[in-house]
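Work through these exercises with the structure open. Try each task before reading its solution.

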Amino acid sequence: MTSTPTIPPLTGTITVDAPVEQVFRTFTDAFGSWWPAEYHIGQADIATAILEPRAGGRWYEQGTDGSECDWGRVLAWEPPHRLVVTWQINGQWQYDPDPAHASEIEVRFSAEGPDQTTVTLEHRHLERLVEGQALRDGITGGGGWTSLLELLAKAATNQT
Amino acid sequence: MDTNGADGLGLLGDPTRRAIFELLARRPCTVGELAQQLPITRSAVSQHLRVLKDGGLVVSRAEGTRRIYRLNPDGVTALRAYLDRVWAEALTAFGKATHAAPLDPEQEDR
């Protein structure tokens, strides 16, 4: 039923010199220790970010004032090889609780050897963010980012 | 990472330009409004805006005596460029963290 075309996913990869179990734990348990602090959505400065270690867990930031802002949910928790979380941040940099507007991030951890692991990340279903924006458009009258997302969807169609 | 947003990626590599981009994503602003929210002069804001405009990520329009800047609705690579930048920096930071600080043994039982 969706009228929004698929937007090509983003991908990234990095190879690190550590065992796959350790790499998975660093990515998840210690998420707040490495996530770049400038990327956050709360009004307060970010104190840490937390990825709850279970399917259905929350993925959120804690501000220095104690406030919390959700980013998404854990969809798949399969240590030490696979993790899927949602990214539900809309064009106003706010959490959108509607699962239909949730983009997904899948992270795979592959052991290249006993002390080397490749991490492959895919951020997909970006068009769901667009659908969320289109809906919001009818309510708020839209803005620059909203139009941007809509045109992004059109561009994705034209490219195929 | 992805080549689609290559121009945007370079433009958003500068922290101040990225801050301006994020402020404009929240709402359209004048140079003065941006300067109030950033630790730089109006002149410096204007210079960054010029770079962002030349790169196609930002547009402006006159509204009375004010000039309002906003994200370019035709700059279709901007969203992907931005998220691409987020993940490129996040993965780089993650790689450094993994090399620099193996987890404490006490976390083994998590």
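**Exercise 1.** Find the bridge partner of A:Gln62 in S4(A).

*Solution.* Strands are DSSP runs of E with at least two residues, and helices are runs of H or I with at least four, numbered from the N terminus. In S4(A), A:Gln62 has A:Glu68 as its bridge partner. Next, take the two strands as a whole. Strand S3 (residues 58-63) and strand S4 (residues 68-78) of chain A run antiparallel and are joined by 5 bridges. Strands count as paired if DSSP finds at least two bridges between them. A:Tyr60 stands opposite A:Asp70 in S4(A). Finally, look at the turn. The hairpin of S3(A) and S4(A) has 4 residues between the strands, and A:Gly66 there takes a positive phi near 90°.

This is a predicted model: local features need pLDDT of at least 70, side-chain atom pairs count only at pLDDT 80 or more, and totals for chains, interfaces and linings use all residues. Residues are numbered from 1 along each chain as its sequence is written, while chains are lettered from A and ligands numbered from 1 in the order in which they are written.

**Exercise 2.** Describe how S2(A) and S3(A) pair.

*Solution.* The pairing is antiparallel, over 5 bridges. A:Thr48 has A:Gln62 in S3(A) as its bridge partner. The hairpin of S2(A) and S3(A) leaves 6 residues between the strands. In its turn, A:Gly56 has a positive phi of about 90°.

**Exercise 3.** Give the strand order of the open sheet in chain A, then find its edges.

*Solution.* The sheet has 7 strands, in the order S1-S7-S6-S5-S4-S3-S2, with antiparallel pairing. Strand S1 (10-16) and strand S2 (46-51) of chain A each have a single partner strand, so they stand at the edges and one side of each lacks a neighbour in the sheet.

**Exercise 4.** At what angle do the axes of helix H2 (residues 15-26) and helix H4 (residues 42-54) of chain B cross?

*Solution.* Axes are lines fitted to C-alpha atoms, for helices over the stretch in contact, and angles run from 0 to 180 degrees between N-to-C directions. These two axes come within 10 Å and cross at roughly 80°. H2(B) is therefore roughly perpendicular to H4(B) (the class for 65 to 115 degrees). Contact means C-beta atoms, placed from the backbone, within 7 Å. H2(B) contributes B:Thr16, B:Arg17, B:Ile20 and B:Phe21. Among the residues from H4(B) are B:Val45 and B:His48.

Technical notes: Parallel < 35°, antiparallel > 145°, perpendicular 65-115°, else oblique. Contact = placed C-beta atoms within 7 Å.
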